[in-house]
Amino acid sequence: MRSATVHELKQELLNMPAAELTELCLRLAKYKKENKELLTYLLFEAHNEQGFVQSVKKEIDEEFAQINHNNLYYVKKTLRKILRIINKHIRYTGSAQATVELLIYFLHSIKDAGIPIQKNPIIANLYKGQLEKINKTLLNLHEDLQYDYSRSIVALEL
């Protein structure tokens with residue numbers, strides 16, 4: 001089965017009555033957890049992006065509290081898990097500012113947790129990759145925000 005293009009889907013959705021559209025959204029939410037989470041974000045949290053970012057930061061803190069520091073292998077696995085969660089929430093917001101803020105918070109949390117970044121090349125590469133992603137996304141922000149965030153990025157440099 002060939003998937004329709006976004007343009008085709010948009011045209012079809014514009015021609016549907018509101019009741020059918022609601023039924024389609026509910027059916028989508030029923031089958032995939034991510035669809036339900038995205039719909040929840042769009043309906044209840046999109047109007048308060050700062051509150052959403054704060055709730056994601058709390059979730060990040062909870063995940064960092066569960067890191068097993070006995071072996072760097074487990075640290076690496078947990079960091080990747082946290083990063084998957086962050087990237088999922090970044091996709092939901094679609095905001096460059098939220099992206100930069102969450103990734104900076106992630107890197108600060110790594111430093112605050114005392115994780116030896118230089119001892120494991122995979123963790124070091126993950127850290128550097130996120131730093132590059134922040135710098136790339138930073139270019140899409142307003143100059144004042146760029147300046148504010150770049151000051152906090154300086155503390156993250158290895």
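Is K81 buried, exposed or partly exposed? K81 counts as partly exposed, at 36% relative accessibility (buried means under 20% relative accessible area, exposed over 50%, partly exposed in between, with a 1.4 Å probe and protein chains only).

A word on the basis: this is a predicted model, in which local features need pLDDT of at least 70, side-chain atom pairs count only at pLDDT 80 or more, and totals for chains, interfaces and linings use all residues. Residues are numbered from 1 along each chain as its sequence is written, and side-chain values use heavy atoms, leaving out hydrogens and water.

Now to the partner of K81. Its side chain meets that of E63 in a salt bridge, a side-chain nitrogen of Lys or Arg within 4 Å of a carboxyl oxygen of Asp or Glu. E63 lies in helix α4 (residues 49–65) and K81 in helix α5, so the pair ties together parts 18 residues apart in sequence. Helices here are DSSP runs (H or I, at least four residues), numbered from the N terminus. E63 is buried, with a relative accessible area of 13%.

| Salt bridge | N to O distance |
|---|---|
| E63 and K81 | 3.4 Å |
| E37 and K88 | 3.2 Å |
| R91 and E34 | 3.7 Å |

R91 lies in helix α5 (residues 72–93) and E34 in helix α3, so that pair joins parts 57 residues apart in sequence. R91 is exposed, with a relative accessible area of 54%, while E34 is partly exposed at 41%.

Conventions:
Helices (H or I, at least four residues) and strands (E, at least two) are DSSP runs, numbered from the N terminus.
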